[in-house]
Structures are given as structure tokens and as C-alpha cells.
Amino acid sequence: MSEAHSGLVAHQFETAEQQRETANLGMWSFLITEVMMFGALFTAYGFYRTKYPAAFAAGSDHLDYLMGAFNTAVLICSSLTMALAVQAAQHGKRKGIILFLLLTILLGGVFLGVKVLEYADKYEHHLIPGIHFSVDSSYAAQIELFYCFYFAMTGLHALHMIVGITILGILVALSHRRRFSTDYYNPVEMAGLYWHFVDIVWIFLFPLLYLIGRS
Amino acid sequence: MSNTVAAASRPEPDNNYLTAGYGLKSWLLTTDHKRIAILYLIMISVFFVIGGLFAVLIRLELLTPAGDLVSSDTYNKLFTLHGLVMIFFFLIPSIPAVMGNFLIPLMIGARDLAFPRINLLSWYVFAIGGMTTFAVVLFGGVDTGWTFYTPYSSTYSKTAVGLTAIGVFITGFSSILTGLNFVVTIHKMRAPGLTWFRLPLFVWAHYATSLIMLIGTPVVAITILLVFLERVFGVGIFDPALGGDPVLFQHLFWFYSHPAVYIMILPSMGVISEVVACFSRKRIFGYGFVAFSSLAIAVLGFLIWGHHMFTSGQSIFAGMVFSILTMLVAIPSAVKVFNWTATMYKGSISYETPMIYVFGFLGLFTVGGLTGLFLGALGLDVHVHDTYFVVAHFHYIMVGGAIMGYLAALHFWWPKITGKLYSEAWAKLSAIIIFIGFNLTFFPQFLVGYLGMPRRYHVYPDEFQIFQVLSTAGASILAIGYAFPAFYLTWSLFRGKAAPANPWNAKGLEWTVPSPPPKHNFDTIPVVEEEAYDYSRLEEEVV
């Protein structure tokens with residue numbers, strides 16, 4: 001229990017190693033629930049996409065794939081900076097952690113900014129389901145369904161981005177106060193896992209929503 | 001007797017988790033798994049009473065064939081709220097959040113769960129979800145049935161469906177957090193020497209339960225959220241008039257809500273394994289089979305949701321597949337029942353209160369399980385679908401199975417949790433009253449259902465009245481049976497004899513610490529050198 005005196009190992013653990021493994025398994029378990037949550041949306045989307053292929057392809061056509069591609073690139077870069085932040089934490093480089101976390105936050109912010117532009121564009125083109133929707137098509141209801149899923153899926157993803165950016169902001173503050181060392185950097189590593197997961201969700205969302213079936 | 005010596009030689013005799021701090025703040029900000037279990041116990045007891053009151057009104061209305069006590073709209077709200085409260089706010093958290101929370105760290109020789117603060121968070125999330133549901137009652141209730149079937153829930157219902165959806169959504173996260181905590185704790189916090197196959201079966205059952213919570217709950221959360229969005233924005237995700245598919249909702253809903261049945265029953269099965277071994281003074285028969293049957297139930301439970309939809313327009317082929325898979329889940333369930341029976345065979349059985357509940361469980365669960373097979377059979381289900389036969393079946397599982405297990409657990413571990421002994425005579429009496437009252441309430445419902453009385457109606461033809469009167473009479477007896485423990489258990493808190501560390505002479509690490517347990521459970525982390533339920537060795541030591 002000598003490690004407990006340093007205040008880094010919580011009372012329920014015997015060793016720092018046990019605490020680290022526990023945090024890791026906890027995060028992976030959490031990510032399983034996230035997979036199931038997004039998975040339900042993907043399933044429903046896939047079901048309707050199969051049921052109304054033409055309407056969903058027409059819905060995809062209204063999306064700006066260049067903006068989507070740009071955002072994909074931004075997120076992949078943010079995954080790199082996040083990985084570098086974790087590596088800096090492993091080597092105890094405090095300034096490196098702060099720099100790379102701030103870069104990750106910046107890239108996340110760029111992604112959300114582009115998302116706002118896209119949402120604004122949808123509003124201008126009357127593509128907000130339920131509130132502000134009109135398309136000139138014989139299967140307008142099905143296209144509206146596409147946009148329901150577009151907003152539900154990208155909205156849930158954006159919510160995860162916002163949560164992620166908040167967590168990274170807290171980590172920057174903690175790192176600034178020298179709370180992490182080569183012995184203890186679990187939070188940085190766990191935030192990294194979460195961030196990568198959110199990125200991977202987008203890697204699936206982008207082709208599903210923007211690319212498949214567009215003319 | 002070494003336990004009492006150990007307890008007596010402690011420097012501070014009152015140094016247990018209950019006396020480790022006083023005042024509301026020491027409870028509301030606690031991260032001690034034992035105190036959080038007590039917080040859960042208080043809250044789910046309140047919900048049990050509320051859900052029970054809805055049932056009282058339902059049973060009173062059904063005394064007569066005419067709808068003379070409440071209107072049909074009110075009746076719809078009563079059975080909806082009864083179902084919602086009992087399922088989401090009592091049955092699902094009952095054994096895991098109270099007993100699992102209290103016992104898992106003690107059983108595996110840990111000082112706490114892996115994430116104590118997340119454990120407290122899950123209680124607060126549960127409380128917020130519960131308050132939201134209270135608000136639903138204040139805002140006029142909800143009338144969709146606990147199943148929220150679309151498009152009624154999403155388009156037509158004029159009641160507080162949106163708020164209810166939010167309440168259930170929030171509560172789901174409490175379940176996810178508890179499940180996550182258990183999975184990680186069981187993987188990473190076991191004492192040295194406590195291998196997977198030395199774990200108490202209670203822990204195995206909770207491991208399987210937690211997997212269902214982790215994998216299933218997010219699906220129903222997002223589905224309920226879609227219903228909420230559909231109502232708020234007037235879109236047609238599940239509305240056939242707007243291109244949506246209501247059957248898709250049913251698929252997503254039952255993908256969680258069928259496995260949720262196993263969230264309710266698996267922890268009870270874990271309790272039964274502990275109690276039956278203790279009061280038969282024998283090692284559980286076929287430990288490995290019982291352990292793996294829990295996992296098998298959890299896995300198969302995810303493959304059979306379609307048996308709720310035989311009449312919902314899914315294809316005949318899908319119906320046949322789901323029907324066959326449903327039969328498969330009977331195998332691990334039967335393995336458990338046979339193994340418990342085999343455990344009792346040639347055991348030296350004693351009839352303490354928890355064991356009475358075990359006998360109740362075995363009988364009632366078997367009836368509930370076998371009638372489940374009737375319902376899983378594709379052809380027969382078309383006849384009894386949405387009748388009282390279904391109502392009787394799932395009450396035999398959820399009340400006869402899950403609540404019997406919960407009460408067995410409450411009586412088995414009450415001395416450990418509170419450090420007090422309750423009155424055996426009163427406890428046995430109430431267990432017997434509950435068994436009689438339960439059967440009188442729900443057995444007539446099998447008959448009236450088979451004769452064709454549909455569920456969820458408050459007006460019915462005269463010829464069904466005799467069954468409904470029997471059922472209401474039984475419910476009155478059942479209510480008395482449930483009221484008893486509230487009194488004698490509360491009485492035991494103030495006047496009960498102090499409980500020794502191991503009043504049942506049972507095996508398991510939780511019985512090696514004093515009653516109530518000290519704040520951090522173990523002064524030194526124990527080293528486990530024997531298998532679970534090694535009662536033969538215990539008997540030798542006593543001799």
C-alpha cells in the first residue's frame with residue numbers, strides 16, 4: 001500500500017497497475033455501450049436505406065461531400081494529435097501534453113464549426129425535418145426520414161465531440177497544475193480512447209450519409 | 001466462534017460502515033458501496049409501494065365486470081404506471097443495485113467497487129429518472145403501456161409520453177453505470193486466489209446480468225429517444241403515414257426489453273444458488289453448469305426478442321426462427337432448476353426463512369418458465385397472445401421468480417447488512433402468506449386468459465368475474481404478506497438481537513467480516529484457498 005501514500009492510488013486498489021488496468025477495462029466497457037447506442041441508429045438507418053434506396057440517395061445528394069471529406073481529414077488529424085498527447089504523457093512531457101491537447105481541441109472546434117455551417121446550409125434549403133422541411137419530390141416524406149437520421153446521427157456524434165472537447169479542456173487545466181506524471185496519466189489515456197472512438201464513428205458516418213448512392 | 005472473538009478484539013466495537021459517519025451529508029456524498037446499497041434499498045422500496053398502489057387500484061377496478069371505479073383512460077394510465085414503476089424502478093435495480101452493490105465487493109474480497117464515485121453517480125441518475133417519473137404522475141400520467149408501442153406513443157397519445165421517455169432514458173444510464181462497475185469489479189478486483197471458478201454463483205449471475213445491462217440498455221435508450229424526437233418535432237421515424245415503420249420500433253424495443261427480463265431474473269437465480277447451498281449444507285451440484293448457464297441465458301436472451309412480435313407482422317419464417325431459439329433458452333434455465341434440486345438431494349435441509357423463499361421460487365419459476373414455452377410456441381401464442389395468460393406468465397417470472405429471490409436475499413443477508421436478527425416466526429409466516437396470496441392472485445389469470453380475456457381492459461364479460469374476484473382476493477392476501485416484512489424488519493433495526501458475523505454458518509467471504517461490515521470491508525485482503533460452497537469442510541471443522 002506504499003503507493004497509496006502518494007495519493008495516486010485510490011483506496012479500493014492495491015497497486016497502481018491494478019488501477020490502470022481497471023480504468024482501461026472500464027473505458028472499453030463504456031465504449032461497448034457506445035457502440036450499441038450508435039449501433040441501434042445505424043441499424044435503423046440501414047433498414048430504411050434498404051427500404052427507400054432512391055429517396056435516401058436523393059437525400060445524400062443534398063449533402064456537401066467536400067465539407068464532409070474536409071471534416072474527415074480534420075478528425076483524422078485530431079486523432080494523431082491526441083495520440084501524440086498520450087505519448088507525451090507516457091514520457092512525462094508536460095508541455096507536450098498541453099500543446100497536443102490544445103491542438104486536438106482546436107481541430108475538434110474546426111470540425112464543429114464546419115458542422116454548424118452545414119446545419120445552417122440545411123436550414124436555408126428547408127431541410128430541417130419537422131420544423132422547416134420542404135423538398136420538391138414525390139417521396140418527400142422518405143427524404144425527410146433520411147434527414148431525421150442525418151440529424152440524429154451527426155447530432156449525437158457532435159454531442160460526443162462537445163463532451164470530448166470539455167474533457168480535454170479539463171485535462172489541459174489538470175496538466176497545467178502538474179497533476180500527471182509518468183506514474184499517473186490514466187485520464188489522458190482514457191480520454192484518448194474516447195476521442196479515437198468518436199473519430200471512428202465519424203469514419204462510418206461519412207460514407208454512410210454522404211457517399212453511398214449519390215449521383 | 002473465531003468470528004466473534006475477532007469482532008470483540010477490534011479496537012472500536014462500533015467501527016462499522018453504519019457508524020463511520022453521521023448526518024445526511026455523510027450518506028448523500030458517500031462512495032461506500034454498502035451505503036449506496038442502502039440508498040438504493042430505500043428508494044426502490046418507495047417505488048415498490050407506489051407501483052403496488054397502482055396494482056391495488058387495478059385489482060379493485062377488476063372486481064366487477066363493469067368499469068365502475070375508474071374510467072378507461074384512467075385505467076390505461078394505471079396499468080402503464082404500474083408496469084413502468086415496477087419494471088424500471090423496482091425490478092431492474094432491485095437485486096443488482098441493492099444486494100449486488102452491497103455484496104459483490106465483500107464476496108470477492110475487495111474494499112469497494114472499481115469505481116465508487118460512478119456508483120454514487122448511478123444512484124443520483126436513478127433518483128433523477130425517478131423524480132421525472134414522479135413528475136409524469138403529477139402531469140396527468142401516461143397511457144401507452146410500459147412498451148411505448150408506436151405510432152400510438154409517438155403520434156396519438158395525449159398524455160405525458162415525452163416526459164416519461166426522458167425519465168426512462170435517464171434511468172437507463174444508471175443501469176449502464178451499475179453494470180459497467182460490476183463487470184470491471186468482477187474482472188479486476190478479485191482477492192488473490194479467488195479464481196473465476198471459485199467465485200460464488202451470485203457473482204457469476206451478476207456478471208451475466210451486467211453484460212445484458214451494458215449491451216442492451218443503450219439500444220432501448222436511443223430508441224426511446226427517437227420516440228421523444230418524433231413527438232417533439234412531429235417527424236415520422238416510426239409513423240407509417242410518413243414512411244416510418246412501427247415494427248422497427250418493436251424490434252429495437254424488444255432487443256433490450258426481452259433481455260431485460262433476464263436482468264430481473266438472473267440475479268434472483270444467483271441468490272437461490274447461495275441460499276440453497278447454505279441450507280442444504282452441501283456444495284452446489286454442478287457448479288460449472290450453473291455458472292455457464294447464467295452466461296448462456298444472457299447470450300440466448302439477445303436472440304429471441306422476436307417472440308414478442310408473432311402477431312405484429314413479422315414474417316412467418318422469422319417467427320419460426322424466434323420460436324425455436326426461444327425453446328433453447330429453456331435449457332440453461334432447466335439446468336439451474338435441476339441443479340438446485342440435485343443440491344438439495346441428500347442434503348441436510350433446514351427451513352429458515354430464506355430457504356422457504358427458495359422453495360417458493362423453485363415452484364413459481366418452474367410454472368412461469370414452462371408457461372413461457374407455451375407462449376414461445378408460434379401456433380399456441382396466436383391463441384393466447386395479449387391475454388391474461390401472458391399477464392399470469394410474466395408475473396410468475398417477475399413476482400414469483402424475481403421478487404421471491406429478492407426477498408430470499410433480503411432475509412438471508414439482512415443480519416449482515418444491518419447487524420440485527422429479525423423474528424424468524426413472523427418472517428416464515430409472511431413468506432407462506434406471500435406464496436399463498438401470489439398463487440391465488442395469478443393462477444386464475446392463466447385460466448381466464450386461456451378462456452380468452454384480453455389484457456389491458458377494465459370492462460369484461462360477466463362469465464370472467466369469478467376469476468377476477470379470486471385474483472383480487474389473492475392480491476389482498478399478497479399485500480398483507482408484503483406489508484409484514486416492512487414491520488418486522490423495521491422493528492428488528494431497533495429491537496432486534498445483534499447478529500453474529502455468520503448467523504447461518506454459511507460459506508463465503510462476506511460472512512468472515514463482522515456484521516455490519518467495517519467501512520473498508522477487510523483489514524487485510526483475504527487470500528482464497530478453497531472452492532465456493534465447501535460446506536463439507538465446514539462441517540468437519542465444526543465437528
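Chain B has 17 helices and zero strands, where helices (H or I, at least four residues) and strands (E, at least two) are DSSP runs numbered from the N terminus. Its radius of gyration is 23 Å, close to the 24 Å that the globule rule gives for 543 residues, so chain B is as compact as a globular protein of that length. The radius is taken over C-alpha atoms, and the rule is 2.2 Å times the number of residues to the power 0.38.

This is a predicted model, in which local features need pLDDT of at least 70, side-chain atom pairs count only at pLDDT 80 or more, and totals for chains, interfaces and linings use all residues. Residues are numbered from 1 along each chain as its sequence is written, and chains are lettered from A and ligands numbered from 1 in the order in which they are written.

Along the principal axes, the C-alpha atoms of chain B fill a box of roughly 70 × 45 × 45 Å. Of its 543 residues, 55% count as buried; a residue is buried if 20 or more other C-beta atoms, placed from the backbone, lie within 10 Å of its own, exposed if 12 or fewer, and partly exposed in between.

Chain B also meets chain A: 33 residues of chain B are in contact with 28 residues of chain A, contact meaning that C-beta atoms, placed from the backbone, lie within 7 Å. On the chain A side, the elements giving two or more residues are α1 (16-51) and α5 (140-176). α1(A) gives the most, with 15 residues.

Elsewhere in chain A, A:Val116 lies in helix α4 (residues 94-124). A:Val116 counts as exposed because it has 11 C-beta neighbours inside 10 Å.

How values were computed: Contact = placed C-beta atoms within 7 Å.
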